[in-house]
Amino acid sequence: MFRDRDVTSSLFWTLLGILFCIGGIHYGIRRSGIPGPGFLPFVTGLILVALSLILLIWRLLKKRDEADAIGVPMPGGRALWRILKTLGALCLYVLILEPLGFMLTTFLFIVLALRLEPRRWIFILPAAIGATAFFFLLFKVLLRVPLPPGILGY
């Protein structure tokens, strides 16, 4: 059972999702009628558990020969390089979030993530601006999460 990548990964992500839910409850899901600091980790954990369980159930219900036929090897070459660049960009995001602020850092991260595939700037810039605005409205306006203002003051 643990030699199957889908089963192993779904069990891992289910456990991690449960830990996120526990952490979210620990920090408090609601405070004074608005989402508390544990709301986002709790919801993220629930989504992670749900998706992992769907994968686990789907994989366990598949016949062995069918499931092996659709399995793909772990990424290598260019795909692995893109994954490593994305992880590096996420680490950089965490490091520069406070000094540069949420809006500028998020915009730069989305631009970098979209540049991993050859795309035209006519697509990248509006997509990055739109995604940054969406996340700003979601977190700052709707959820009232304090975001690092950084050099832009927002």
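My entries below go from the overall fold to single residues.

**Entry 1: overall fold.** I noted first that this is a predicted model. I then listed the secondary structure and found six helices and two strands in the protein. Reading along the sequence, I wrote down the pattern α-β-β-α-α-α-α-α. I also looked up burial: of the 154 residues, 22% are buried.

**Entry 2: α1 against α2.** How do helix α1 and helix α2 pack, and at what angle? I looked at residues 5-27 for α1 and residues 39-61 for α2, and the angle came out at about 160°, with the axes 7 Å apart. That angle is over 145 degrees, the cut-off for roughly antiparallel, so α1 is roughly antiparallel to α2. For the handedness, I have the crossing of α1 and α2 down as left-handed.

Is Ile57 buried, partly exposed or exposed? I read a relative accessible area of 49% for Ile57, so I logged it as partly exposed; the exposed class starts over 50%.

**Entry 3: α5 against α6.** I repeated the exercise for helix α5 (residues 102-114) and helix α6 (residues 121-142). Here the angle is about 140° and the axes are 9 Å apart. I therefore put α5 and α6 down as oblique to each other. The crossing of α5 past α6 is right-handed.

**Entry 4: salt bridges.** How many salt bridges does a search of the whole structure find? I got one. The partners are Arg82 and Glu117, and their closest N and O atoms are 3.2 Å apart. I liked where this pair sits: Arg82 is in helix α4, while Glu117 is in the loop between α5 and α6, so distant parts of the chain, 35 residues apart, are linked. I checked accessibility on both sides. Arg82 is partly exposed because its relative accessibility is 28%, and Glu117 is partly exposed too, at 32%.

**Entry 5: along α4.** I stayed on helix α4, which spans residues 77-100 and holds Ile83. Which residues form a nonpolar patch on the surface? My list reads Leu80, Trp81, Ile83, Leu84, Leu87 and Leu90, with about 560 Å² of accessible area together. I looked up Ile83 by itself: its relative accessibility is 38%, so it counts as partly exposed.

Further on I stopped at Leu95, also found in helix α4. Leu95 counts as exposed because its relative accessibility is 64%. I also took a C-alpha distance from Leu95 to Thr105, which is ten residues away along the chain, and got 9.7 Å.

Entry 6: Last, I went through the phi angles. Most residues other than glycine have a negative phi. Arg144 has a positive one, near 55°. Where is Arg144? I found it in the segment after α6. Arg144 has 55% relative accessibility, so I marked it as exposed.

Terms used: Residues numbered from 1 in each chain as written. Predicted model: local features only at pLDDT ≥ 70, side-chain atom pairs only at ≥ 80, totals over all residues. Heavy atoms only, no water. Patch = residues over 30% accessible without salt bridge, like charges linked within 9 Å, V, L, I, M, F, W, Y side chains within 5 Å. Areas by Shrake-Rupley, 256 points an atom, 1.4 Å probe, with all protein chains shown as cover. Salt bridge = Lys/Arg side-chain N within 4 Å of Asp/Glu carboxyl O. Helix = DSSP H or I, 4+ residues; strand = E, 2+ residues; numbered from the N terminus. Buried < 20%, exposed > 50% of the residue type's maximum accessible area, 1.4 Å probe, protein only. Axes fitted to C-alpha atoms, helices over the stretch in contact; angles between N-to-C directions. Parallel < 35°, antiparallel > 145°, perpendicular 65-115°, else oblique. Left-handed = near helix turned anticlockwise from the far one by under 90°.
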